[in-house]
Amino acid sequence: MLERGRARRSTEVSVTPELKAGYVPGLAGVVAARTRLSHVGGEAGRLIIAGFPLEEIAYEATFEEVVFLLRTDRLPGRAEFAEWRSRLAAQRALPAATLPALRSAATLGLDPMAALAMAATSLGPRGAGDEALETDAAQADALIAGFPPIVAAFWRLRAGREPISPRPDLGHAANYLYMLSGEIPDPAQARALEVYLNTVVDHGLNASTFAARVIASTGADLAAAVSGAIGALKGPAHGGAPGPVLAMLQEIGTPERARRVLQSRLERGERLMGFGHRVYRVRDPRAEVLATAAADLLQAGPDTALLDLAREVEKTAVELLAEHKPGRRIETNVEFYTALLLQGLGIEAELFSPTFAISRVAGWVAHVMEQREEGRLFRPRSEYVGAQGRRWVPLAER
Ligand code: ACO
């Protein structure tokens, strides 16, 4: 695979002013991949997924259609879509070895992201001659279909409950909610989750996607690339933020306390979770979509207190951040309303990041396939800033 890609690789290098200067901390502004999958317009606050505006993808598509689009760069016809949807659904049953591994992970008390990373590798090829999972396409299907059952089964096992078998008649989002709770979700809830999954499916060369592409560039299998990406997604600067967003909202408690609590967080040098982005200089367009979806969901329920609180916190946080970092333009990011939407669906905070991964895995696998075509090993250089001219002193003389 690596050999095939090598023959096709482009030798063009995009030389940005930062790159000319040498060391670029965090690779900010460096173009390190070409992709047809998504475009992040940071200044305008626009996100394009495979040519479509985010807003159309989020509200019009089913998640299975989005996955098909990322994989093939076109929309499926009706018969083709029915076949694709049932092919994915048929792969929800986990391999025999995965459930015992999840039981052990639950006994060890692993967190859900660690359990997901471990179980994801079990969806890769199991030694030479595992023809069923020999191709990237077969592994990609197994990973996308297998993530919701892994997360739901682990969650139930850790709570001392037995996993529930998947329902192939339900869509990807509805089946996940069903496998968590054992109850078929109402269509509005399943749709709200689907809007979320559509919204976060891909986002340029973010940290986890970059991690997946780096791993894939070594020729490692797709499951290895995906389990590395899960590790990158876990951190609070990336996909680990919505849990802390909810904790922050809970600490604030009521809209009147927003200014005081946020101000003292900033004075202590803490970051306000759900705000700021490396690329966007305006409100993250995904926050816009999820704010609407969360409002629709929560306004249909008995209690809108959390929604009212979130709106006040958002307004106050953006004002305070503008005073705190004048000229930096720190705005609301995707994770702020993710917390609200997923909480409104009854999904617990520890499952926020794994639920993000259930969507983003479709982006990761599509990027890995692109990376195979590119074929070039990621191997940047480092600048040595350590000691010079030392002489070794034997242990006995120290
Ligand atoms: N609260 C307070 N200050 C902030 C925030 C924030 N949310 N975001 C940035 N800043 C400040 C930083 O402290 C920094 O100040 P300094 O220059 O005095 O050190 C300055 O703004 C620039 O911050 P950077 O870390 O350089 O910004 P970067 O672009 O690297 O980071 C990041 C973006 C990590 C998302 C940051 O804004 C952050 O930590 N936000 C809070 C966590 C969060 O919401 N994470 C989810 C991100 S969305 C996603 O990945 C799916």
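Strands are DSSP runs of E with at least two residues, numbered from the N terminus, and two strands pair if DSSP finds at least two bridges between them. With these terms in hand, the predicted model shows an open sheet of 3 strands in the order β1-β2-β3, with antiparallel pairing. Residues are numbered from 1 along each chain as its sequence is written, and side-chain values use heavy atoms, leaving out hydrogens and water. As this is a predicted model, local features need pLDDT of at least 70 and side-chain atom pairs count only at pLDDT 80 or more, while totals for chains, interfaces and linings use all residues.

The sheet can be followed strand by strand. Strands of a sheet pair through backbone hydrogen bonds, either parallel or antiparallel. Here, β1 and strand β2 (residues 46-49) run antiparallel and are joined by 4 bridges. Valine 40 has leucine 47 in β2 as its bridge partner, and serine 38 stands opposite isoleucine 49 in β2. The hairpin of β1 and β2 has 4 residues between the strands, and glycine 45 takes a positive phi near 70° in this hairpin.

Moving on, β2 and β3 also run antiparallel, joined by 2 bridges. Isoleucine 49 stands opposite phenylalanine 52 in β3. In the hairpin of β2 and β3, with 2 residues between the strands, alanine 50 takes a positive phi near 45°.

The ligand comes next. Its surroundings comprise 21 residues, the closest being Leu272, Gly274, Phe275, Lys325 and Asn333; a residue is near the ligand if one of its heavy atoms lies within 4 Å of it. By class, this shell has 11 nonpolar, 5 polar and 5 charged residues, where Ala, Val, Leu, Ile, Met, Phe, Trp, Tyr, Cys and Pro count as nonpolar, Asp, Glu, Lys and Arg as charged, and the others, Gly among them, as polar.

The protein covers 76% of the 920 Å² of accessible area that the ligand has on its own, as given by the Shrake-Rupley method with a 1.4 Å probe.
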